Amino acid sequence: MTPRTALRDPKQDRSRATRRRLLEAAVACLAERGWSGSTVAVVAERAGVSRGAAQHHFPTREDLFTAAVEHVAEERSAELRALSAPHGEGRVRVVVEALIALYTGPLFRAALQLWVAASYEEQLGARVAALEAKIGRETHRMAVELLGADESVPGVREAVQGLLDMGRGLGLANLLTDDGHRRERVVAQWAGILEGILAAQDSAQDPGHPSRAVS
């Protein structure tokens, strides 16, 4: 038995497992039922724990749902961080599809419900705004890294941000209907636009490019 194994506390393991079930249940409820239908009792039932156990981990409803959305956001961010920057033909399309997928899954669906609730729940508003700002910065940073974008080149930062803004719009459209076919065409078109912008960026960075030539 290793020292690390000997120090494991079964109670702590159970507590972590219960917390994770509550977070996952909260996101699922929020995405399916919306804010008004997602009470602590409903989430606890879905997670298979008592309401008291739920409130032990998350004293308030706001604590539960902001933690739940952050939990899934961090998991999705981890998936993107694990994605190696692709190479070769079609690499930009692969990155664009991966980024757009952030806005068409349960996280964005849940986040939309939370944003609506935050617009009229004062206690929730500041916390959700801070969380959204954090997620937005992280997603933008990952997009820049995966695309190999140089934001010092005029227009590149705006193109990356435009991609993420478009992703939010596609996610919103997907909320009401299955918009997969139209989304596929839009993604293909935007990937082509980005390919052109990034190619121009690379040319501008080439020491032999006319724009870099010394007169």
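Mentor: One definition to start: accessible areas come from the Shrake-Rupley method with a 1.4 Å probe, and for residues only the protein chains shown count as cover. By that method the protein exposes about 12,200 Å², with carbon and sulfur atoms supplying 54% of it.

Trainee: What kind of model is this, and how are residues numbered?
Mentor: This is a predicted model, in which local features need pLDDT of at least 70, side-chain atom pairs count only at pLDDT 80 or more, and totals for chains, interfaces and linings use all residues. Residues are numbered from 1 along each chain as its sequence is written, and side-chain values use heavy atoms, with hydrogens and water left out.

Trainee: How many helices and strands are there?
Mentor: The protein has ten helices and zero strands. Both are DSSP runs numbered from the N terminus: helices are H or I with at least four residues, strands are E with at least two.

Trainee: What percentage of the residues count as buried?
Mentor: Of the 215 residues, 39% count as buried. Buried means under 20% relative accessible area, exposed means over 50%, and partly exposed is in between (1.4 Å probe, protein chains only).

Trainee: Which residues have the most contacts inside the largest nonpolar core?
Mentor: Leu22, Val43, Leu64, Phe65 and Leu114 do, in a core of 32 residues. The elements giving two or more residues to this core are α2 (10-33), α3 (40-47), α5 (61-82), α7 (106-118) and α8 (122-147). Another core lies apart from it, with 28 residues that include Leu80, Tyr103, Leu164 and Leu198. A nonpolar core is a set of buried Ala, Val, Leu, Ile, Met, Phe, Trp, Tyr and Cys residues joined through side-chain atoms within 4.5 Å.

Trainee: What is Phe65 in contact with?
Mentor: Ala26, Leu30, Trp35, Ser38, Val43 and Leu114, leaving aside neighbours within four places in sequence. Contact means heavy atoms within 4.5 Å.

Trainee: Moving on to Phe108. Buried or exposed?
Mentor: Phe108 lies in helix α7 and counts as buried because its relative accessible area is 5%. Not counting residues up to four places away in sequence, Phe108 touches Leu102, Tyr103, Trp115, Arg168, Gly171 and Leu172. Phe108 and Ala73 are 35 residues apart in sequence, and their C-alpha atoms are 8.9 Å apart in space.

Trainee: And Glu70, where is that found?
Mentor: Glu70 is in helix α5. Glu70 counts as partly exposed because its relative accessibility is 26%.

Trainee: Change of topic. How many cavities of 30 Å³ or more are there?
Mentor: The structure holds three. On a 1 Å grid over the protein atoms alone, a cavity is a set of points where a 1.4 Å probe fits but cannot get out, and lining residues have an atom within 4 Å of a point. Grid points are joined across faces, edges and corners, and a volume is the space filled by probe spheres set on the points.

Trainee: What lines the largest one?
Mentor: The largest cavity, with about 220 Å³ of space, is lined by 17 residues, of which Tyr103, Leu107, Trp115, Glu132 and Ile135 lie nearest its centre. Helix α8 gives the most to that lining, with six residues.

Methods: On a 1 Å grid over the protein atoms alone, a cavity is a set of points where a 1.4 Å probe fits but cannot get out, and a pocket is an open set with protein on both sides within 12 Å along at least five of seven lines; lining residues have an atom within 4 Å of a point.
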